[in-house]
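Please read this briefing alongside the sequence and the coordinates, taking each group of points in turn.

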Amino acid sequence: MPHGSLPLPAKLCLLTWDTPGGEAMAAAHVVRAGALTELVLRGLLTDDDGIATPVDMDSLAGDAVLDGLLELVRESRPHRWRTWVTLHARVTYDAAREQLTAEGCLRAEKKRVLGVFPSVEHVLDDTARVEALREEAQRILSERLPEVSGPEAAFAALAAAADPPTPFPDGGRGRHEERVEELITLSGARAVLGELCAALSTPGRALT
């Protein structure tokens with residue numbers, strides 16, 4: 001599957017993958033923010049005075065990662081967007097990781113902890129796709145093209161809002177704050193995406 005056809009949470013999961021065999025600790029929050037954003041862009045979640053609210057109780061996205069989160073939102077008491085960035089974020093992250101494993105982007109390797117307990121380690125198996133995603137984010141952020149689609153704008157804005165900013169490991173996010181604001185507007189989900197990007201930029205988040 002070409003990287004452009006991956007859903008937003010899977011793209012962000014792959015982009016935030018640290019090194020082969022390693023996972024960025026804050027990646028779960030970025031992936032969750034991507035899933036929330038995509039559900040808004042698909043018309044399945046809406047903003048109700050700052051509360052993430054399902055549009056109805058029956059519609060599905062047809063994607064395991066998105067539908068898992070949608071079910072969680074429906075079954076939980078109402079929460080604000082910032083709360084959903086971290087609340088059980090690992091569930092969405094793990095689902096995106098399994099999706100990438102099925103796509104061949106990651107490889108699951110069995111191992112034993114302390115030589116006794118069975119475990120599985122996920123290893124990056126498609127570095128070219130990660131590099132393509134990184135180049136895509138950098139292009140959208142740097143070239144300031146006006147014909148950016150909503151999903152493209154959301155992808156680049158969330159990538160830049162990650163901590164550390166994934167397209168700019170040298171800390172270059174500060175040079176693109178104005179462009180990120182433009183992308184938030186171009187996404188078509190300005191209020192929600194702005195809140196999610198702000199949540200990702202807040203230090204001291206606990207991984208839940």
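Is V130 buried or exposed? In this predicted model, V130 is buried, because its relative accessible area is 6%, which is below the 20% under which a residue counts as buried.

**Helix 6: V130 and E131**

- V130 belongs to helix 6, which spans residues 127–143, and E131 also has its place in helix 6.
- Once residues up to four places away in sequence are set aside, V130 touches L14, L15 and L124.
- The C-alpha atoms of V130 and L15 are separated by 5.6 Å, although the two residues are 115 residues apart along the chain.
- E131, with a relative accessibility of 35%, counts as partly exposed, because that value lies between the 20% limit for buried residues and the 50% limit for exposed ones.
- The side chain of E131 is joined to that of R134 by a polar contact of 3.2 Å, while the C-alpha atoms of E131 and P167, 36 residues apart in sequence, are 9.8 Å apart in space.

- The largest nonpolar core holds 62 residues, of which L14, L36, L45, W81, L100, L158 and L183 touch the most other members.
- Leaving aside neighbours within four places in sequence, L14 is in contact with L6, L100, C105, L106, L124, R129, V130 and L133.
- Helix 1, made up of residues 8–15, is mostly covered, with eight of its eight residues buried; among them are K11, L14 and L15.
- As general background, nonpolar side chains in soluble globular proteins tend to be buried together.

**Helix 8**

- Within helix 8, which runs over residues 177–186, the residues R179, V180, L183 and I184 are buried.
- Viewed down the axis of helix 8, these buried residues fall within an arc of 145°, so they line one face of the helix.
- The cover over the buried residues of helix 8 includes helix 6, helix 7 (150–161) and helix 9 (190–200).
- After helix 8 comes G188, which has a positive phi near 85°.

**Strand pair**

- Strand 1 (residues 45–48) pairs with strand 2 (residues 51–54) in the antiparallel sense, over four bridges, and T46 stands opposite T53 in strand 2.
- Strand 1 and strand 2 form a hairpin with two residues between them, and D49 in the turn has a positive phi of about 55°.

Terms used. Residues are numbered from 1 along each chain as its sequence is written. This is a predicted model: local features need pLDDT of at least 70, side-chain atom pairs count only at pLDDT 80 or more; totals for chains, interfaces and linings use all residues. Side-chain values use heavy atoms; hydrogens and water are left out. Two strands pair if DSSP finds at least two bridges between them. Buried means under 20% relative accessible area, exposed over 50%, partly exposed in between (1.4 Å probe, protein chains only). Contact means heavy atoms within 4.5 Å. A polar contact is a pair of N or O atoms within 3.5 Å; within protein, one must be able to donate a hydrogen and the other to accept it, and residues adjacent in sequence count only if both atoms are side-chain atoms. A nonpolar core is a set of buried Ala, Val, Leu, Ile, Met, Phe, Trp, Tyr and Cys residues joined through side-chain atoms within 4.5 Å. The arc is that of the directions from the helix axis to the C-beta atoms.
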